[in-house]
Structure formats: structure tokens, C-alpha cells
Amino acid sequence: MKRTVLLLALAGALLLGACAGESNLPVATGKANVRSINAIMASPNISFKIEERTIGEVGYKNVSPQGRYDDLDYTFNFDVFFAGDTATTRIASQHVDFVADQDYTMLISGTLAAPVVTVWESTGRAFDLSDTVFQAQFAHTSNTLGAVDYYFAAAGVAPVTGQEVATLSFGEITDPIDLESGLYVMTITTAGDPLDILYTSDEAQFAAQSIMIITPFDGDANDVAPVIVRALAAVGATFSMPDSSYPATVEFLHAAPDLGTSDIYDDEILLSQVIADHSYQELTAAIPLLAGDHTFRYTPAGSTAAVTLEGTLAAESGVRYRFVALGANGAYSTATLIPNLRPVDTSAKILLLQTSNNFAELDFYFVGRGEAIAEADPFRTAINSGLQALPAALAAGSFDIYVTDSGAKDILAGPVQIDVVLGDVVDIVVFDTVDPAVLDLRILPAP
């Protein structure tokens, strides 16, 4: 027993001696900033993590929140969730050894199956309270644009060789520069040819003491233009800089059962007709819409004797809008929706709109083909009438869709059969019928 105690004492002394010496663990001397940009068009929101700790979710054409960490070395991870799985899937990792007072931006591009992570590093920027400038970096994150020149100036200033702020190819970024706060226009031309204009943004306001990465992305199914420039903020508001040569579009959906077939005008004296014979449950084709406020007036088809419904849409360039007529029994209203039509590779995307005047909230069931809903949980619950539900993710497969009053199992609509694969977008609207206890579930055609 004494020998054992002696050995333990010697071991303890050696351990204490080791602890008293210098540690091999790294010691932080400062902090660095990090964020991520998502340039994978077919991705869902990507979870951006430092080791296993989430910094933020980053959607396509967007930037994550900025994290600030000690100047040590880390592995940053990118995870996505595939519908039907019970855990996220890691699609990429990137090791970075931080240097104090530096800013790190990780661009994830390519595809979910073969992602590419590009690390941009720049010196951190600190402003004085009196500074009237902002910091800008120009990057290239559009897969469809080749080598391009960027011009960044006041409205009306034409591109001239030698005045470009950057010449870039995909994945490149400029060094930071300071610019006076104010209104700017971004013009993109083919590299070396200022006359070959590919994109000219509307004016955008840049605030003093902001830090921005200004970069184009490929337009997706939610965009009218093939390219959209975004100003990505380190802290604060991120915004788009649309090209007004690509106006917004609007499609009209008739969901007011007793409003009747209608004509739609966009002027007060009812001379400018935009839609004729708009019938219940009809979704029209999209028509161009200039930026600004638009008032749409509904009249009985073929008559301008009375305006039966009026609503206003505030349009921005390049956005796809859906204008919906709602209500019944003379209590009519309109809603402006922006359906999220961009497909993703991790699920079928389900869009749900319920327009019933007889049921305030509805539950939606997606069950396997031929299965009953008696023991099933709802796919989505308590979808409010007239409100656009957030998109829902569904695994690939064959399903029967049912609709019930919220919290009940009595079937109001269905079964409606669908077969979906990853990347599908299913646009569903529920309408009233002449029977107040029966609803009509319609799958709208793809745009």
C-alpha cells in the first residue's frame, strides 16, 4: 500500500511540474470577422457553422450574419437538410487560420453535389464617428457572366474605358475601397467593351460607415432579369439593385366566388384594360408592370358601370407578383403575394394558399398513396385564409393530399394525387365551392 501511495505522489508531482511550464495551447491575441455568401442557386438555406456552432442560415443570393472570433484556427462547415432525413447533411468544410483584425468571407458556389468554397480575406475596417464614406468591395458571383467590367457612378454617367472600378471573373473580389455615401448606379459591361452593356441598376443609396460587398448573381425563378446585383452588408441592411429595363410582372388570381367574371383596369376612368373576362379560379398569364404604385379596379365583364373591387400594388423592378381577389358577399379585398418559385435540390417545394370564406384555418395532409388520414399527422396546420403560407419541404414520392378544418379529420377536399421528385415546385390553392362543406384543391400550372 505504501509503495502505491508513493508512486501516485511521484506521478502527481510530475503532472504539477508539467502544468507549471509553458502550455502548447494556442493563445488568442485578437479577433477576426467571418461571414458566408451563398451562390448555389438550387440550394435551400445553408447552415454556416464554426466547428459545430451555427453562425447563421444563408439563402441563395444572400450573406450570413457576421461572426467575430478569436484569432485561432477553425474548421467552418456547411450543412443542408434533405426532406425526409432526420439529420442535416454536411456538404462542405473549410479550414481557416484566423489573423487578428482581418475579415474573412467564404463564398460557397458550384452545386450541392460538388460545392466549391472560396475564401476572401481583407483587412478589417473601423470608422470614425465623423466619417462620411462607406467601404465597398466588388465581387463576381454569377455563373452566367464571363469576364466583366464594373462601373459604379452617379445616374446618367456612361461607362468609359479607364473609369471601371473592377474587371473580374467568377469567384474574384477587389480590395476594399472607400467611397462617399450617396446614390450610385452599378453598370456591368463585357470586359474591355464599355459599349456592350449587360446590366444597369436603378439608383441605390449607400449609407456612411457601412461595409458592402457588391456583386451580381444569376436570376432564379423568382426574378424577371437573368442577373440581379445585390449589396451584401457586413452589418445592417442587405438589398438588391435591380435593372429597371426588366420590369416587374403581375399575374391575377380570382378567388372571390361571387364577384363574378370581371374585367380589370389600371386607371381611374376605366379606359386602360389590363385583363378581360377574369373568371373564378383563373390564374392569368403574367404581364409587365413598371415600378411604382398601381391601383387595379375590377368591373363586371363587359361593363364599366360599377367598380366592384379595388386594390393597390406597390411594384419594384424585376419582381414577380401575384394579385389575388378575395372575399364574398360584397366584402371583397385584394392581396399581393410574391410566390417563392425557386426550386431546390433537397426537396419538393410546396406552396399553399387557402382562400376559403367558410373556413378560417385549414390543415393539409400529405399521405402515402392510398393511405387514410385517421392516424396521420397534418403536413401543415392552421393555414389562415387569404395569407400566403411559408414554403414547405416534401420528400420525393407519391402522395394523396387532403384538406380538413383545422384540428378536425372530416375531409373537405381530396384526395388529390401528386408524384414529386426533388426540385419540383407544387403551387396549391384551395377555393370555396357552391357547397359550403366542400372545398376545391387546385394545383396551379408552372409559370
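Some ground rules. The model is predicted, local features need pLDDT of at least 70, side-chain atom pairs count only at pLDDT 80 or more, and totals for chains, interfaces and linings use all residues. Residues are numbered from 1 along each chain as its sequence is written, and side-chain values use heavy atoms, with hydrogens and water left out.

Let's start with the sheet. Strands here are DSSP runs (E, at least two residues), numbered from the N terminus. Strands of a sheet pair through backbone hydrogen bonds, either parallel or antiparallel. Our sheet is open, has four strands, and runs 23-20-26-27 with mixed pairing. Two strands pair if DSSP finds at least two bridges between them. Which strands stand at the edges? Strand 23 (287-289) and strand 27 (331-337) do; each has a single partner strand, so one side of each lacks a neighbour in the sheet. From one strand to the next, the twist averages 35 degrees. That angle is between N-to-C directions, from 0 to 180 degrees, with axes fitted to C-alpha atoms.

Now zoom in. Strand 26 (residues 320-328) pairs with strand 27 over seven bridges, in the antiparallel sense. F323 stands opposite T336 in strand 27.

Next, T187. You'll find T187 in strand 14 (residues 182-190). T187 counts as buried because its relative accessibility is 6%; buried means under 20% (1.4 Å probe, protein chains only). Leaving out residues up to four places away in sequence, T187 touches D149, Y150, Y151, P159, I197, Y199 and T200. Contact means heavy atoms within 4.5 Å.

Last, the rings. F48, Y69, Y74, F76, F78, F98 and Y104 form one aromatic cluster.

Technical notes. Rings of Phe, Tyr and Trp (its six-membered ring) pair if their centres lie within 6.5 Å; planes under 30 degrees apart count as stacked, over 60 as edge-to-face and the rest as tilted. Buried means under 20% relative accessible area, exposed over 50%, partly exposed in between (1.4 Å probe, protein chains only).
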